[in-house]
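These entries record what I looked up in one structure, in the order in which I consulted it.

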Amino acid sequence: MIVTPLFVVFLIIVFVGVWLFLNTIDKRKWLTFLVSLILSPIVYFYMFYPMLNIFSSYHHQKYFDAEAWEEKPALRYEMANQMLKDSLLIGKNKDDIETLLGKPEWLGWDDNIKANSPDKWNYNMGFVPGAFNNMQECIELQFENNSVTSVRSYQLEKTFE
């Protein structure tokens, strides 16, 4: 476990909350302090931290890895920020993209030709964890002259029927 300033602040908040709760039950300060000291890590890891993970949309970020992309498509969103920030795909041709990411999962719509364009490749990135998240992360690669010119990230609302 890595001790960070945010972890310490949250642990102190949990300690104060437990201490205030126990202080309503028993007015002996030394006993309340001792029990709060023992119960705070338990309350933090079994109550506070799980609730924090449910209601926040924090997720781990990973570097792009072609094997992980292929093997775990539901976790592709973890690699999205690095791919977009570092412009890893800009300038690559269609064969390189197909080698790295596989065949496109669907083609994007082009209003100019009123059809799905073979120059707009889309990939599903999975769902970012969260209790109320029903948005599917996706990326779209735009090709011009067989070379990627832009990478766009967007979200689709997933409806369950």
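I took helices as DSSP runs of at least four residues, numbered from the N terminus. The model is a predicted one.

Entry 1: I located Leu20 in helix H1, which covers residues 5-25. I recorded Leu20 as partly exposed, because its relative accessible area of 48% falls between the limits of 20% and 50%. I then checked the separation of Leu20 from Thr149: the two are 129 residues apart in sequence, and their C-alpha atoms are 58 Å apart in space.

Entry 2: the nonpolar core. I asked which residues touch the most other members of the largest nonpolar core. Among its 16 residues, these are Trp69, Ile97, Leu101, Tyr123, Ile139 and Leu141. Two or more residues each come from helix H4 (77-85), helix H5 (94-101), strand S2 (115-127) and strand S3 (135-144). H4 gives the largest share, with four residues. I noted as background that nonpolar side chains tend to be buried together in soluble globular proteins.

Entry 3: salt bridges. I counted six salt bridges, with a side-chain nitrogen of Lys or Arg required within 4 Å of a carboxyl oxygen of Asp or Glu.

I found Glu105 in a salt bridge with Arg76, the closest N and O atoms lying 2.6 Å apart. Glu105 belongs to the loop between H5 and strand S1 (106-110) and Arg76 to the loop between H3 and H4, so this pair ties together parts that are 29 residues apart in sequence. Glu105 is partly exposed at 38% relative accessibility, whereas Arg76 is buried at 5%.

I next found the side chains of Glu140 and Arg152 joined by a salt bridge, at 3.4 Å from N to O. Because Glu140 lies in strand S3 and Arg152 in strand S4 (residues 147-157), the pair ties together parts that are 12 residues apart in sequence. Here Glu140 is buried, with 11% relative accessibility, and Arg152 is partly exposed, with 41%.

For Lys103 and Glu98, I noted a salt bridge with an N to O distance of 3.1 Å. I recorded Lys103 as exposed at 61% relative accessibility and Glu98 as partly exposed at 33%.

Entry 4: a charged patch. Which residues form the negative surface patch? I listed Asp65, Glu67, Glu70 and Glu71. I placed Glu70 in helix H3, residues 66-71. Glu70 counts as exposed because its relative accessibility of 52% is over 50%.

Methods: Residues numbered from 1 in each chain as written. Predicted model: local features only at pLDDT ≥ 70, side-chain atom pairs only at ≥ 80, totals over all residues. Heavy atoms only, no water. Patch = residues over 30% accessible without salt bridge, like charges linked within 9 Å, V, L, I, M, F, W, Y side chains within 5 Å. Areas by Shrake-Rupley, 256 points an atom, 1.4 Å probe, with all protein chains shown as cover. Lys, Arg positive; Asp, Glu negative; His and termini not counted. Charge placed at Lys NZ, Arg CZ, Asp CG, Glu CD. Buried < 20%, exposed > 50% of the residue type's maximum accessible area, 1.4 Å probe, protein only. Core = buried A, V, L, I, M, F, W, Y, C linked by side-chain atoms within 4.5 Å.
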